[in-house]
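Thanks for coming, everyone. I'll walk through one structure today, from its ligands to its backbone. Please take a look before I start.

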Amino acid sequence: LFAGIQDAPLDPIMRLFEAFNADTRPGKLNLAIGVYTDAEGKVPRLRAVQEAERRWIDKALPKTYRPIEGTKPFRDAVQALLFGSGAAILGESRAATLQSVGGTGALKMGADVLARLKPGATVAVSDPTWENHRALFAQAGFTVVDYPYFSADTGGVDYGAMRAALERLPAGAIVVLHACCHNPTGADLTAEEWADLVPLMAERGLIPFLDIAYQGFGLGLDADAAPVRRFAESGQEFLVASSFSKSFSLYGERVGALTIVAADSSLRAKVEALAKRLVRASYSNPHTHGAAIVETVLTDPALRADWERELAEMRERIQAMRVRMADSLQQRHPDRGFAAIKVQKGMFSYTGLTPDEATRLREDHEVYALETGRVCVAALNAHNIDRVLDAIDAVARR
Ligand code: PLP
Ligand code: TYF
């Protein structure tokens, strides 16, 4: 039965994660995986999350099944977070939101819905992108191609090349777009570029699938969702995968949501029913605990305000690490383009380190980065940053 299975490697993030866990050196430091740690190097338990959990336990509610699509307060809160609390689309009933198994589950549910509607379509992802995008859409039966995105010369987006490639895609192709805090590069489109891209997608008949896994980590909760809001205002149909893993520091609880925006409410009802049928035959009902916590924090005004404050603290802490890293490395290696780290957004940066440099960083300095040169800036803090900067300096010197 199993003999015919072909060996295939785990994706590089998971491979390094396993190597890190097996590493017995006491000074090992993981900048390879996308997890936010606080000033003391710990994965935070957010204050508002802890309070919501206490309330949840005190209520001791029965643990019955949740609706397939999640509760209405949860879905409404997700839409308000995405579209803005006073957005016109909230009253149009043309957006369906379903609770998902993290952001990954939202992408997978969206891929399964699209596979029914556009079998065999092309899915275009940015070059580079989060490792799992390609595998996930390929597994759902799509042909995955990439579009140019990152410019190593500027540390930003090569929007001209990206636009030209999108114009060449066939109508009906699905285009995966990182709404903010691009993983792995940290390079985001500008507001002007989004203003150009949104109508282009409609003109070309392309299907936008926005991935927003880091809302609040770039410029702020509203500013980071600006691309989603622009698509909503354009009237076109699109999908959005939200993840709350990072913004609530609830990675293992697997809380996310898929939002499908249709042209009108009757089409919304059709696609929502399709998504629910697919979920029913896939895992039947979503989790209770994590989503109940997120729902409480988003809907209770005091907890909401405290969460927003703590999220802002996380964002500002990352930004402070970016400034220190960029300034120090730029000064020591003015020709290496390290200054872009300061402009890049979110948890990651493409540092421009070569695979060989990343290997020496791991072997000689116990610092794990991806071979692509991606580092998780959100894992730096005042205790480890000097050591990391000296290590990068040392490997870049040879
Ligand atoms: N999309 C992107 C761009 C990500 O970086 C991640 C997680 O790292 C996800 C989706 C998946 O998020 P989750 O852990 O909630 O499944
Ligand atoms: O891009 C990253 O580093 C991660 C991706 O169990 C990831 O956020 C997600 C889930 C997981 C391991 C890695």
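One definition before the ligands: a residue is near a molecule if its C-beta atom, placed from the backbone, lies within 6 Å of it. Also keep in mind that this is a predicted model.

Which residues are around ligand 2? They are Ile-13, Ile-33, Gly-34, Trp-130 and Asn-183. By class, that shell has 3 nonpolar residues, 2 polar residues and no charged ones.

Now ligand 1. Its surroundings are Gly-34, Gly-102, Gly-103, Thr-104, Trp-130, His-178, Asn-183, Asp-211, Ala-213, Ser-243, Ser-245 and Gly-256. The ligand 1 shell splits into 9 polar, 2 nonpolar and 1 charged. Which helix gives the most to that shell? Helix H4, residues 102-117, with 3 residues.

Let's step back to the whole chain. The protein chain has 15 helices and 11 strands. Its C-alpha trace spans about 60 × 55 × 55 Å along the principal axes. Why call that a compact globule? Because a compact globule of 398 residues would have a radius of gyration near 21 Å, and this chain has 21 Å, which agrees. Buried residues come to 43% of the 398.

On to the domains. There are two pieces to the division: domain 1 covers 12-45 plus 313-397, and domain 2 covers 65-299. Their C-alpha centres lie 28 Å apart. The contact takes 25 residues from domain 1 and 23 residues from domain 2. Which elements each supply at least two residues on the domain 1 side? Helix H1 (12-22), helix H12 (301-332), helix H13 (340-343) and strand S9 (348-350). That side divides into 14 nonpolar, 7 polar and 4 charged residues.

Next, the core. In soluble globular proteins, nonpolar side chains tend to be buried together. Here, the largest nonpolar core has 111 residues. Val-228, Met-347, Ala-369 and Val-377 touch the most other members. H12 gives the largest share of this core, 9 residues. And the core draws at least three residues from each of domain 1 and domain 2.

Pick out Ala-369. Leaving aside residues up to four places away in sequence, Ala-369 touches Leu-31, Ala-32, Leu-353, Ala-358, Leu-361, Arg-374 and Val-375.

There is an arginine in that list, so let's follow Arg-374. It sits in strand S11, residues 374-376. Is Arg-374 buried or exposed? Buried, because 25 other C-beta atoms lie within 10 Å, and the cut-off for buried is 20 or more. Arg-374 and Leu-353 are 21 residues apart along the chain, and their C-alpha atoms are separated by 8.0 Å.

Last topic: the backbone. Most residues other than glycine have a negative phi, and most peptide bonds are trans. Now for some exceptions.

First, cis peptide bonds. One joins Asp-127 and Pro-128, with omega about 0°. Pro-128 lies in the loop between strand S3 (122-127) and helix H5 (131-139). Another cis bond runs from Asn-183 to Pro-184, with omega near 20°. Where is Pro-184? In the loop between strand S5 (174-178) and helix H7 (191-203).

Then, positive phi. Cys-181 is in the loop between S5 and H7. Its phi is positive, about 55°, although it is not a glycine. Cys-181 counts as buried because it has 26 C-beta neighbours inside 10 Å. Ser-249 also has a positive phi, near 50°. Ser-249 is found in the loop between strand S7 (238-243) and strand S8 (255-261). Ser-249 is buried too, with 21 other C-beta atoms within 10 Å.

That's the tour. Over to you for questions.

Key
Residues are numbered from 1 along each chain as its sequence is written. Chains are lettered from A and ligands numbered from 1 in the order in which they are written. This is a predicted model: local features need pLDDT of at least 70, side-chain atom pairs count only at pLDDT 80 or more; totals for chains, interfaces and linings use all residues. Helices (H or I, at least four residues) and strands (E, at least two) are DSSP runs, numbered from the N terminus. Ala, Val, Leu, Ile, Met, Phe, Trp, Tyr, Cys and Pro count as nonpolar, Asp, Glu, Lys and Arg as charged, and the others, Gly among them, as polar. The radius of gyration is taken over C-alpha atoms; the globule rule is 2.2 Å times the number of residues to the power 0.38. A residue is buried if 20 or more other C-beta atoms lie within 10 Å of its own, exposed if 12 or fewer, and partly exposed in between; C-beta atoms are placed from the backbone. Domain bounds come from an automatic or database domain assignment. Two residues are in contact if their C-beta atoms, placed from the backbone, lie within 7 Å. A nonpolar core is a set of buried Ala, Val, Leu, Ile, Met, Phe, Trp, Tyr and Cys residues joined through C-beta atoms within 7 Å.
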